[in-house]
Amino acid sequence: MNSNSKSVNSTAIKAVIKRHESLQGAINRLSKQVEKVTDEQLRSGLKVYLHSIQVNIANSQEWTLNRSIPELRLGILGSQKSGKSALVNKYITGSYAPIEKPDGGRYKKEVLVDGQSHLLLIREEAGPPDAQFSSWVDAVILIFSLENEASFQELYQLYSQLTAHRSDIPVIVVGTQDKISSTNPRVIEDQRARQLCIDVRHSLFYETCATYGFNVDRVFSEAAQKIVAQRKQAALQACKSLPNSPSHSGGSTPGSASFPGQASNGPSSGYAYSLPSTPVVGHRELRVAQGEGAGSVSSRSLKSIPRRPSLFKNRDPDKKASDPKADSSSVRGVPIKQSILWKRSGSSLNKEWKKKYVTLSNNGTLSYHSSSSDYTQNTHGKEIDLLRVTVKVPGKRPPRAVAPAGPSPVPPGAVPGINGLSKDLTAGDSNTTVPQLCPATLSVVDDRSGGLSPQGGERGLQRCPSSLSTKAQSVDALEGTASPFSGKDPSQSSPMSDRKKNRRKKSMNQKGDAAAGQAEEEENADFIIVSFTGQTWHFEAQSLEDRDSWVSAIESQILASLQSCESGRNKARRSSQSEAVALQAIRNAKGNSLCVDCEAQNPTWASLNLGALICIECSGIHRNLGTHLSRVRSLDLDDWPGELTQVLAAIGNHMANSIWESFTQGRTKPTPNATREERESWIRAKYELRAFVPPLQPASGTQPAEDSMPVWLLSAVTERDLPRLLLLLAHSTKEQINAQLTGSTPSPPRTALHAACQLGDVVMTQLLIWYGIDVKAKDNQGQTPMMVARKNGSKGCIDILLQHGCPNEASPTAATPILSRRSSTASLGRTSSRKRVS
Ligand SMILES: [Zn+2]
């Protein structure tokens with residue numbers, strides 16, 4: 001420690017002592033003054049406050065906290081218009097308030113890093129950073145608002161002031177979206193934000209939305225992890241156990257991690273510079289992005305990431321097409337289906353439809369070329385990895401099976417694509433440092449268009465946190481904004497769709513199937529492939545039959561890819577793949593293509609207990625309802641243990657609304673463009689007031705007795721009548737569910753939960769527990785639901801019961817469920833959907 005920092009410390013220590021004495025003095029004087037207050041009531045009131053202050057000062061952390069509890073000191077810098085106060089407030093209190101605190105603030109919060117509790121001290125500075133602040137902080141979050149140019153500019157100043165005092169502070173850059181609206185548009189584009197990140201020591205970049213809690217917890221959690229990582233690194237270096245660590249002074253090396261040695265962390269550590277737990281997505285996306293040729297991926301980030309050789313690099317002209325067979329065995333898959341399709345340009349500016357020669361291969365890829373000769377020569381092609389995509393038909397969702405069935409069409413061992421790729425990338429990531437990185441690329445707030453883009457953006461961001469944030473994502477986001485899955489919009493028809501319609505009609509008529517032709521002529525033969533990052537590829541086939549055959553072929557390749565991954569060795573990957581299948585099943589449930597409340601397309605959030613999918617805007621309101629009414633979880637960001645996906649897939653928006661919206665009495669639903677107030681009013685009426693729930697029809701026609709609910713629930717479960725169970729639950733309180741029968745009705749021999757466990761019905765078990773049924777109730781033989789579940793070997797039910805506090809009596813073999821979590825850092829919103837669902 002140099003003399004300068006010594007004197008800073010000494011000054012700070014003296015200041016602390018002085019402040020302590022001054023505070024004590026002030027309180028003593030205040031106590032004396034209070035005694036002089038004549039109004040007795042006022043005096044005793046003031047005394048209570050004063051006493052509380054004294055107690056809290058006496059018990060402040062410096063006098064009470066064990067020294068082994070580590071403190072993490074996080075500074076917050078940003079201009080008055082940056083949205084920083086709202087961000088901090090959301091993080092601390094869980095609620096949104098559009099505030100800017102002119103005097104800054106001091107906050108404390110417990111954070112878990114690597115399973116250990118830390119005291120996070122957050123210091124929000126009102127002005128520029130001074131020497132004291134700079135020496136105090138362990139890390140700094142720099143905040144600007146994406147709609148405020150001045151706040152962006154000021155960040156550069158703040159950063160240079162900070163580094164004037166100290167150059168080795170880790171920083172995270174945050175762009176806030178809260179104030180973006182249609183009248184107040186975003187002005188800081190992705191490119192500039194990314195440049196800022198490069199300029200400030202290759203920091204991570206996040207976009208946050210305090211209104212919805214988007215990324216809020218994540219940013220603070222990342223900061224805390226960064227600090228811990230840095231300390232560990234410092235400790236290691238102090239022990240000289242790290243030979244020849246690269247310097248991290250000032251972070252002037254492009255692409256260098258600020259914390260050397262942290263590049264190969266597992267998902268649990270989630271250090272800023274480590275690759276994401278699902279690196280394949282990032283790499284594949286990046287590669288595809290490059291293929292799209294948007295010229296958008298920073299060349300620097302591309303260079304530093306080892307990739308497998310491109311499938312589409314130009315081949316030596318001499319070898320051109322000389323031996324296509326040898327070629328396909330070395331790099332290309334065997335074509336399964338090929339034809340000319342129309343493809344809508346991925347460029348955000350140019351939405352033209354172009355003919356492409358499209359090839360579906362058995363290695364889990366779909367490629368497209370300008371012509372068949374380009375394909376043959378393997379040149380100028382682009383490729384989509386089917387492992388991380390779904391295929392959609394705009395405007396409708398054809399009923400298609402998603403559950404893996406039958407043998408994989410991909411012969412094991414003959415698949416250079418998937419497994420080979422995964423191996424390459426895994427090898428790559430251990431020695432890769434990812435530079436800069438702006439994971440977030442898009443605006444979430446002003447999603448009035450109801451487009452795919454915001455959700456897609458989040459998705460891309462979260463799936464790929466170390467953010468090979470490519471322009472491709474944002475470009476596609478733009479495309480998504482302009483072209484969500486609204487194939488019915490005439491402006492989005494391909495130039496040939498009218499011609500095709502006529503042709504189709506004609507051909508139908510020729511077949512004498514005029515009715516079918518009539519029915520279908522409104523529909524375009526297009527389909528869209530959507531990656532989990534929100535990237536989209538929009539194709540149009542020559543006919544509906546052709547379209548359906550493409551969609552079905554692609555779907556079976558997606559499944560084949562997933563299955564071939566299943567057989568892989570990477571456990572995390574495997575679980576994420578089966579999760580992907582399960583999520584697809586949820587998306588395919590009836591009605592799930594539209595938000596259950598406002599009918600926005602492609603909802604990406606879920607209400608677990610309602611069994612419904614909701615859009616991001618409605619999800620914010622659901623969160624405010626409280627978990628007793630709606631348990632919100634992100635399809636894309638959260639982990640999905642099996643029992644949760646089963647609930648979602650079993651119910652779905654159609655069934656949910658058959659209960660919650662069956663009786664609307666003329667009230668109209670909000671549209672995707674509804675204001676927050678309109679949505680909230682509807683959602684509260686729907687779930688809080690249960691205004692649209694149909695009345696219970698008692699079997700006998702008599703007025704239902706208050707305490708009949710347990711009997712009805714039991715019968716709904718026994719008959720496995722899920723809609724009936726949902727209706728009953730929608731009508732009941734926790735007390736009614738657990739009512740003790742007092743009337744003339746004889747007590748049922750067991751509870752509905754016993755019956756659900758007896759049947760091994762995971763969905764009903766989970767629902768009953770969410771709605772508060774007593775998990776420890778005994779049946780007439782003295783058995784708990786757990787005993788019944790174990791007796792019947794219902795593993796799923798046992799898991800759920802264990803999660804909800806049922807002791808695992810006398811069964812050492814029953815496994816405790818460990819809900820895999822992608823990363824504890826990505827928790828969203830105040831309900832902390834990442835927590836075990838209880
Ligand atoms: Zn909605």
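In what follows, two residues are in contact when they have heavy atoms within 4.5 Å of each other.

## Getting oriented

This is a predicted model, so local features need pLDDT of at least 70, side-chain atom pairs count only at pLDDT 80 or more, and totals for chains, interfaces and linings use all residues. Residues are numbered from 1 along each chain as its sequence is written, and side-chain values use heavy atoms, with hydrogens and water left out.

The protein chain has 30 helices and 16 strands; these are DSSP runs numbered from the N terminus, with helices (H or I) of at least four residues and strands (E) of at least two. Of its 838 residues, 54% count as buried, where buried means under 20% relative accessible area, exposed means over 50%, and partly exposed is in between (1.4 Å probe, protein chains only). Among contacts with a separation of 6 or more, 70% join residues 24 or more positions apart.

## The largest nonpolar core

A nonpolar core here is a set of buried Ala, Val, Leu, Ile, Met, Phe, Trp, Tyr and Cys residues joined through side-chain atoms within 4.5 Å. The largest one has 76 residues, and Leu 725, Leu 767 and Leu 768 touch the most other members. Domain 4 (589–688) and domain 5 (706–826) both give residues to this core, so it lies between them; the domain bounds come from an automatic or database domain assignment.

Who does Leu 768 touch, leaving aside its neighbours within four places in sequence? The list is Leu 713, Val 717, Leu 725, Leu 729, Ala 752, Leu 753, Ala 756 and Ile 773.

## A covered helix

Take a look at helix α30 (residues 795–803): seven of its nine residues are buried, so it counts as mostly covered. The buried ones are Cys 797, Ile 798, Asp 799, Ile 800, Leu 801, Leu 802 and Gln 803. Their cover includes α21 (642–650), α27 (752–759), α28 (762–770) and α29 (785–791). After α30 comes Gly 805, with a positive phi near 85°.

## Rings and charges

The structure holds nine aromatic pairs. Rings of Phe, Tyr and Trp (its six-membered ring) pair if their centres lie within 6.5 Å; planes under 30 degrees apart are stacked, over 60 edge-to-face, and the rest tilted. For Phe 152 and Tyr 156, the ring centres are 5.9 Å apart and the planes at 85°, so this pair is edge-to-face. Both sit in helix α6 (residues 149–165), four residues apart, about one turn of the helix. Phe 152 is buried at 4% relative accessible area, while Tyr 156 is partly exposed at 28%. Together with Phe 144 and Phe 205, they form one aromatic cluster.

Charges can sit over rings too: NZ of Lys or CZ of Arg must be within 6 Å of the ring centre and within 35 degrees of the ring normal. Lys 109 lies over the face of Tyr 91, 4.5 Å from the ring centre, and Arg 123 lies over Trp 136 at 5.5 Å.

Thr 645 is in helix α21 and is buried, with a relative accessible area of 7%. Beyond its neighbours within four places in sequence, Thr 645 is in contact with Ala 582, Leu 583, Ile 586 and Trp 640.

Ser 662 is in the loop between α22 (652–660) and α23 (676–688), and at 37% relative accessibility it is partly exposed. With neighbours within four places in sequence set aside, Ser 662 is in contact with Asn 657, Phe 692 and Pro 694.
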